[in-house]
Amino acid sequence: MTKIFSSILILLFISSLQGFSQKKAEAWRYEGPRFGIDLSRFLMPYMQKGKRSAWEIQADVPYKGNWFPTFEFGMQSFDDQRDGFHYKNNGTYARLGVDMNIVKFESLKDHDFVFIGARYGYSLFNQQTDGISYTNYWGALNSSIPSRTMNAHWAELVFGMKGELFSNFFLGWTLRAKFPLAVTSDPNIKPYIIPGIGKTSNGVPFDFTVGIYYRFPIFRTKTLPKVIKMGGNTHPGEVDPNDPNNPRNSGNSQYGSGSMRNGGQ
Amino acid sequence: MRYIQIVISLLIFVLLSCNDGNRCYESVDTLMVGSFSINGFKPINSLIINGVNRNGVGDTLVNDTLSTLTKRYTFPLSLTSDSTGFVLKANGIKDTLYVRHTLIMSFISENCGFAPNYIISGFRYTKGIDSVKVTDKKVNPKSIEKLTNDQNILIYFNSAVH
């Protein structure tokens, strides 16, 4: 364990040195896999009812500059003592997906981005309920529902941003809309909290995560990623300045430099 | 750095908006809804209903001295036994009705907890009751929200006895 920890520290140190050298060689753009933790999971016990503990790690890798295949893995336990029952639920979950940058990088050193993305999520968890009590005219009933292993599948649409605070360290947030696809059914109790999804009482649960990330700058490039074109027709006046097929970019073009004055001759 | 302000403001927004109410707005009272009928246009001028072996003070479920044929009554079912017995005293004549049922405790919501759900599976009754018609065998907290002309069971008294 100590070896692993010291190896991570050494890697972080080397990467930081690379970050300094990056300042000297400004012509390079550094990219690499990014690892982080979701800070909002640690705030959950203070924001919501019941005893909760949770953690989540996240990782993404840049692909062609603007695409970020993403993997997220986490754990959540929930213990809810109510008047008429005591509900416990704990399990792990994982999400796999991709984020797409939707803004233009200003320079080679600019790594701040806004993204939209999608995820597929899977959760494996246990739930059990003790101390169920109910009273009517005929008396009282005390019962419990034994522990049962369940699973859930869901899809997510995400929107968020990540900004580079300082060399290779990022802070970001993600807003998530979750669409449960399948949950193990139980005749007694439908799980009202699912690790990775959250509350199931809302049709489309929303979640908000805030993460801090470290990027290992192991790749370098001199090209700035092109902005991903969204759908729709090109406006008649909209031209790509880097497109070699565009006659306006040719030096001996009959259109000249593209000013209205020349165009009108 | 420019995103820090946005991150912090969104975080504050989320902290403020995470107000989790703890009130229960759903019914957790599971009661079987029943009504009465009798052949031959005979009136039922008084009706008293008790649970079997429940004769103490406050154990009377219904004590109605007005015409009962147009009314609906609610019956609590046993939580620990697979049948529930009621003593029906109509026009002074006692009858006993046993309702057989299965029970499952179902989760309503985190604020309301659990409530029993029953499935009616059969009846046993004495000769003053002619028949019992089941119109809805599922008894759950929604049963008491049934429309005025709807019920779980319709009990026909025997006009020859009453």
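Me: How confident is the predictor in the complex, in terms of ipTM and pTM?
Reply: The predicted model comes with an ipTM of 0.83 and a pTM of 0.73 for the complex.

Me: And what pLDDT does chain B average?
Reply: The average for chain B is a pLDDT of 85, and 85% of the residues score at least 70.

Me: Which elements of chain B have the lowest and the highest mean pLDDT?
Reply: The lowest mean belongs to α1(B), at 56, and the highest to strand β9 (residues 138–139) of chain B, at 96.

Me: Let us turn to the sheets. What is the strand order in the open sheet of six strands?
Reply: In chain B, the order is β3-β2-β5-β6-β7-β9, and the pairing is antiparallel. β3 (60–64) and β9 of chain B each have a single partner strand, so one side of each is left without a neighbour in the sheet.

Me: How many bridges join β6(B) to β7(B)?
Reply: Twelve bridges join these two antiparallel strands. β6(B) and β7(B) also form a hairpin, with three residues between them. Along the pairing, B:Arg100 is opposite B:Gly122, and B:Leu103 is opposite B:Tyr118.

Me: What about β5(B) and β6(B), how many bridges there?
Reply: Eight bridges connect β5(B) and β6(B), again in an antiparallel arrangement. B:Ala90 faces B:Ile93 of β6(B) across this pairing. The hairpin of β5(B) and β6(B) has two residues between the strands, and B:Asn91 takes a positive phi near 50 degrees in it.

Me: Now the open sheet of four strands: what is its order?
Reply: That sheet, also in chain B, runs β4-β1-β10-β8 and has mixed pairing. Its edge strands are β4 (72–75) and β8 (129–134), each of which pairs on one side only. From one strand to the next, the twist averages 30 degrees.

Me: In which sense do β1 and β10 of chain B pair?
Reply: Strand β1 (residues 32–38) and strand β10 (residues 153–157) of chain B are parallel and share five bridges. Within this region, B:Ile38 is opposite B:Phe157 of β10(B).

Me: What else does B:Phe157 touch?
Reply: Leaving out residues up to four places away in sequence, B:Phe157 touches B:Phe36, B:Ile38, B:Ala90, B:Gly128, B:Ile129, B:Asp130 and B:His162. B:Phe157 is also one of the residues with the most contacts inside the largest nonpolar core.

Me: How many residues does that largest nonpolar core have, and which have the most contacts inside it?
Reply: The core has 20 residues, and those with the most contacts inside it are B:Met32, B:Phe75, B:Leu77, B:Leu97, B:Ile155 and B:Phe157. At least two residues of this core come from each of β1, β4, β5 (83–90), β6 and β10 of chain B.

Me: Moving on, how many residues does each chain put into the contact?
Reply: Chain B contributes 26 residues and chain A contributes 30 residues. On the side of chain B that touches chain A, the elements giving two or more residues are α1 (2–17), β6 (93–109) and β7 (113–125). α1(B) gives the most, with eight residues.

Me: How do the residues on that side of chain B divide into nonpolar, polar and charged?
Reply: There are 17 nonpolar, six polar and three charged residues on the side of chain B that touches chain A.

Me: Finally, how many helices and strands does chain A have?
Reply: Chain A has three helices and twelve strands. Of its 265 residues, 24% count as buried. Among contacts in chain A with a separation of 6 or more, 62% involve residues 24 or more positions apart.

Note on methods:
Residues numbered from 1 in each chain as written. Chains lettered and ligands numbered in written order. Predicted model: local features only at pLDDT ≥ 70, side-chain atom pairs only at ≥ 80, totals over all residues. Pairing = 2+ DSSP bridges. Axes fitted to C-alpha atoms, helices over the stretch in contact; angles between N-to-C directions. Contact = placed C-beta atoms within 7 Å. Nonpolar A, V, L, I, M, F, W, Y, C, P; charged D, E, K, R; others polar. pLDDT = per-residue confidence, 0-100. Buried ≥ 20, exposed ≤ 12 C-beta atoms within 10 Å, placed from the backbone. Core = buried A, V, L, I, M, F, W, Y, C linked by C-beta atoms within 7 Å.
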